[in-house]
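Work through the exercises below with the sequence and the model open. Each task is followed by a solution in steps.

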Amino acid sequence: MTHATADAQLEHSPERVLPADPRTRGIARELLHEAEALPILSPHGHVPAELVEADLAFGDPATLLVTPDHYVTRLLHADGVPYGELGRGDSPADPRSVWRRFCERWPIFDGTASGLWLRHELATLFDVTVEPSAANADALYARLSSRLAEPAFRPRALLRGFGIELLATTDDPLDDLAAHAALAERADVPTRVVPTFRPDAYTSAAPGFTDRVDRLTAASGTGADHAGYLEALRTQRARFIRHGALSADHGVRTAQTLRLDTDEAARLFDRVRRADAVESDRAAFEAHMLYESARMSVEDGLVMTIHPGVHRDHHPATRRAFGPDTGHDIPFALGFTRELQPLLEDFGTADGFHLVLYTIDETTYSRELAPLAGFYPSVYLGSPWWFLDAPDAMLRFRRATVETAGFSRTAGFVDDTRALCSIPARHDVARRIDAGFLADLVAEERMSLPAARRAIRTLTDEAPRRVFKL
Amino acid sequence: MTHATADAQLEHSPERVLPADPRTRGIARELLHEAEALPILSPHGHVPAELVEADLAFGDPATLLVTPDHYVTRLLHADGVPYGELGRGDSPADPRSVWRRFCERWPIFDGTASGLWLRHELATLFDVTVEPSAANADALYARLSSRLAEPAFRPRALLRGFGIELLATTDDPLDDLAAHAALAERADVPTRVVPTFRPDAYTSAAPGFTDRVDRLTAASGTGADHAGYLEALRTQRARFIRHGALSADHGVRTAQTLRLDTDEAARLFDRVRRADAVESDRAAFEAHMLYESARMSVEDGLVMTIHPGVHRDHHPATRRAFGPDTGHDIPFALGFTRELQPLLEDFGTADGFHLVLYTIDETTYSRELAPLAGFYPSVYLGSPWWFLDAPDAMLRFRRATVETAGFSRTAGFVDDTRALCSIPARHDVARRIDAGFLADLVAEERMSLPAARRAIRTLTDEAPRRVFKL
Amino acid sequence: MTHATADAQLEHSPERVLPADPRTRGIARELLHEAEALPILSPHGHVPAELVEADLAFGDPATLLVTPDHYVTRLLHADGVPYGELGRGDSPADPRSVWRRFCERWPIFDGTASGLWLRHELATLFDVTVEPSAANADALYARLSSRLAEPAFRPRALLRGFGIELLATTDDPLDDLAAHAALAERADVPTRVVPTFRPDAYTSAAPGFTDRVDRLTAASGTGADHAGYLEALRTQRARFIRHGALSADHGVRTAQTLRLDTDEAARLFDRVRRADAVESDRAAFEAHMLYESARMSVEDGLVMTIHPGVHRDHHPATRRAFGPDTGHDIPFALGFTRELQPLLEDFGTADGFHLVLYTIDETTYSRELAPLAGFYPSVYLGSPWWFLDAPDAMLRFRRATVETAGFSRTAGFVDDTRALCSIPARHDVARRIDAGFLADLVAEERMSLPAARRAIRTLTDEAPRRVFKL
């Protein structure tokens, strides 16, 4: 990479991520003003409830901003920094050295979504005004470390400062939800922190399935057979609901669904539990369990969210050495129309059923997702996910779906992040993109300004409340 | 949805759907001016000839604008209004109540193509100046109903007022075409109304195939065997041509084509007629019939149009209760390159053969369709179809195809609608998008203004006349 | 097509292909200024080394600009001109007549990438100021022919004038590379002309495989068995490296890769050599050879480039009559994530391995390629290829990949052309698009101007040097 200039100014304009055309920008600013007054709703994400409950100070900037954020570490890895030097794995690196690696390679984040968020965090949380660089890395480290020791930088203070009304975590069905329970008791937590039921480990036929199911049924006090297995899932869902859960989240390989009668399903379950299932059995089991999960959502009212289409752990050696979520979960092509047909045939018009569909394959936006959401009362368009929650990609999402499905069929933005400090940055970018998208429509005389005003309120506030049943 | 403001102004600016940048808009306006003077050519659509021939007054605004337009009803359905309350099915609802449902939910059409067209129709046909809402629904109903009783709102008067030079209908091969014949005799019909040969029911191996084929061969006076079947299709095509037909339209499941020798084809036909065909036989038969239809077009000169890739009747219960075309025909991924190869190998350079390809899978634009149209003299790019005949989607189509195939390889806009009153609105939006697209090229100094002038004439008038052999 | 106006001005503005918005254009101009000062690097293309070594004058404008450029001839073919009239095939047409065909159909190139390049060449090389047309075809022919006789129009003088620092050719593994050797000795060649190892003919299991392999092993002095075959490929790669080769290029059918142990691979090789291989054997062999080619690149350091996903010779009759590269190689859908997994699992983090991925299926940009390049240190994004090296398509490429992978993971522009005179035009358009893309980011306050300056240097100069190991 061409190197950074020493002490270049950190770009973080109040007009950031707004359209270039002056008149359009004026309209966008007006719409953004409307959106900025609204609280942050985060109905899907990965901040641990324990972090909020413990409310400990973050130690240092590398541990806050670099090491746990696999969007940041993957680009450093691609640029030639081994994960071992980034604080991942068994022998943690010195955070000062990790921070130096990050600062000296700052230009690799130019133009990326991570770069935008990092700039937002550095500028708004730490009043940084220069770009990180090899020359200023140590000074920045010292400065940020001292700020992180202040009470205002504890998780609960940050949540308050960020104006986060709702924060959903993502949890294992057997999680004891103790942190959630403790938080619910506290008077000093301004944010509603709710769990999300994520059953993948118990519904995907991966190695260790039998052990996991045994633990699930044992913990649920049900039999270990097929009926007991389904009852155990229902039991845990009910427990999650008592702890405030709004949704059940399904990170499946594909969107395939399969209707089976009880006997077939029980036989399939038995094959998958024993060693003799073949690959097609495993695929069928997962497709059937996605179908059954919809049935459970119809019954108990948990919003169902699906995000298929990712090859997890593409580089097994990195997984073995540094664990999951290390930046090599890579999307592939997928479909929804034929895959979801059995599920939607049976539950697509069920009262109160809400199904939010996320994708990392943009081709499905105009081709499948918008048409499905434009017919089924249950189907909502999830916001651009993962690699796609970036300015241009979010704009493409709106342009590919609104013309077919309007504004009311979208579920609002989700930040989907483990990085607490990035939440306001992510919502800020999303709101600016929506404001710009709507301003384009107004400037091109495709929509009135009053209609754009109601649309930005729908997208930012009304839709997520309605769709996630807040 | 966030509710509409009462008596908000209905947006319908003369500058609608034009680029925001002032200089670019100026160029676009100039190009649009050129296009607006040209007549409307509608070489593919679904307005029934009987409607024009009978020339009866439309009864009320719900029956005109809501109930028959499944683009409108599907969004109301997604928003929670059962089809039974929208006048579909066996027990028709009170049109006043349907109209109220529509008006009170007006904001769900914000940003959609249907919203644009509805505004155009309300503003230009009925001089409506406020947005529909719960508050004004009844008043609007009364006002529109009284206008619909005026002679100027009869179908033939509308066709004249709209400046529609050509209107193609879409017809079953056994349709008697009596309405077309009657219209051809009339001196007071300013529009050339021509039938389109749509043989899908007789070439797709769906249940009831045998009965339909028996009716076809009986009506055609041919034998009931394979040779008679093909002869019957040729016979009916010839009859359509005598009634002015320009094209044969094929709404196939995929674009797969298959060359078979006569014996293989006859055996396959026999299996499909009897109960013992398997799914692969049915797919092979349809692929072969698409290939044979191309041969027939080469022989008789009917333009061949193809639009594959849709899962029809995704929600069977809705189909059973409310019939086909109820808003749940959902696209899926498809290909053309390998699928059409047998057809194009044999007929792709045949003299006078015109093959217009439509798609709802945008990924095929730059990847397959533009490259095919940029080589084969027979292949033309159909305009964005179905969910894609909306401003942003039409812009994406041009941007994905023109760089590879230029302007001469496109077939011009088709409105593909049953909604007579929406035809001018649809062509208007298409012309504005083309004007804006070309204005961008001029403003970005990628094309001269004179070249843009000739391009908009090509797209609006010259190409459809040439490609559809007007 | 609507006909051209006689003597219309040829559009070739200094502001060509820059954003319309005045402020954005100002920024783009500034960035372009930075890029224009840099030399042209062409690390992948098809100009024959013999052309440069022989340094003969080009005969006439049709032979220079029309006949050998299948991007031009394919559009003339689609417009109804048989290839026989374009100088292709056994009985060459009169170049005057070919030139007339081209001039009279000039408007079919409006809006196309070829049109932009042709205008650039006509304006900058030949000072043409009017659009070609039927009326001026003969005069233009005479004028261009007389210019082509000047010494400044010899290949080596053109290379110098164009500022081409590096020119890579594409060569058969058994090419004697005599022209490259001769050029390396010459003091008067300002351009470094290097060969590229293109082994497809010896690694794809197409008819004639056995003969080609026999020639390969005989020429390499190795055994004719599997071990000898692999050794022969290594021998020829080493010879190419001695002649300055930078990369090995793989035009495979799909990106599928397959790891096999030596015995399995040897047995597969034997089946493919003999007549008894089935289609799945051939696919497996090609997938395995793509995997083995990566291993060879890891060993010898040649950059590996892959461009899969094209149906070659879609119209066999045209291939038979007029040869390959006649405009009917048509892309289809493809994937990289699962296909490349075996290769990347084993070599993705290998020291010094560079793998550049090209695609003609745009859907893979954001879905697969940017995520892969954002993790693997070996993977680089190739520039938009083939039908996609056009303004809008190049802009889509940046918008789909930069947000995920930044600027450092791209390999820079390649012109991929046989048309020597089009090289500056192609690089000019690419630089303008990059300048405009970056100017948009600056104008939308998503990136600082200094960051945009370093990005355009990265894209134009630093990245290709680093990725192609110049």
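**Exercise 1.** Determine how many residues of chain C are in contact with chain B, and how much area the two chains bury.

Solution. In this predicted model, the contact set holds 55 residues of chain C and 43 residues of chain B. Next, take the area: about 4000 Å² is buried between chain C and chain B, with 53% of it on carbon and sulfur atoms.

**Exercise 2.** Describe the polar side of this interface, and state which elements of chain C contribute to it.

Solution. Start with residue pairs in polar contact across the interface of chain C and chain B: the rule finds 25, both residues at pLDDT 80 or more. The rule also finds five salt bridges there. One pairs C:Arg25 with B:Glu445; their closest N and O atoms are 3.4 Å apart, under the 4 Å cut-off. Then list elements giving two or more residues to the side of chain C that touches chain B: α1 (22–36), α4 (70–78), α6 (113–126), α15 (316–322), β7 (330–331) and α18 (391–405). By class, the residues on that side are 26 nonpolar, 15 polar and 14 charged.

**Exercise 3.** Find the rotation that superposes chain C on chain B, and name the relation.

Solution. The superposition takes a rotation of 120° with 0.0 Å of shift along its axis, at RMSD 0.0 Å. This is therefore the relation of a three-fold axis. The copies use different surfaces, as 4% of the contact residues of chain C recur in chain B.

**Exercise 4.** Compare the span of helix α14 of chain C with the expected value.

Solution. Helix α14 (residues 279–300) has 22 residues. From first C-alpha to last it reaches 31 Å, close to the 32 Å expected at 1.5 Å a residue. Just after α14(C), C:Gly301 has a positive phi of about 85°.

How values were computed. Residues numbered from 1 in each chain as written. Chains lettered and ligands numbered in written order. Predicted model: local features only at pLDDT ≥ 70, side-chain atom pairs only at ≥ 80, totals over all residues. Heavy atoms only, no water. Contact = heavy atoms within 4.5 Å. Buried area = accessible area lost by both parts, 1.4 Å probe. Salt bridge = Lys/Arg side-chain N within 4 Å of Asp/Glu carboxyl O. Polar contact = N/O pair within 3.5 Å; in protein donor to acceptor, adjacent residues only side chain to side chain. Helix = DSSP H or I, 4+ residues; strand = E, 2+ residues; numbered from the N terminus. Nonpolar A, V, L, I, M, F, W, Y, C, P; charged D, E, K, R; others polar. Expected span 1.5 Å × (residues − 1). Least-squares fit on C-alpha atoms with pLDDT ≥ 70 in both.
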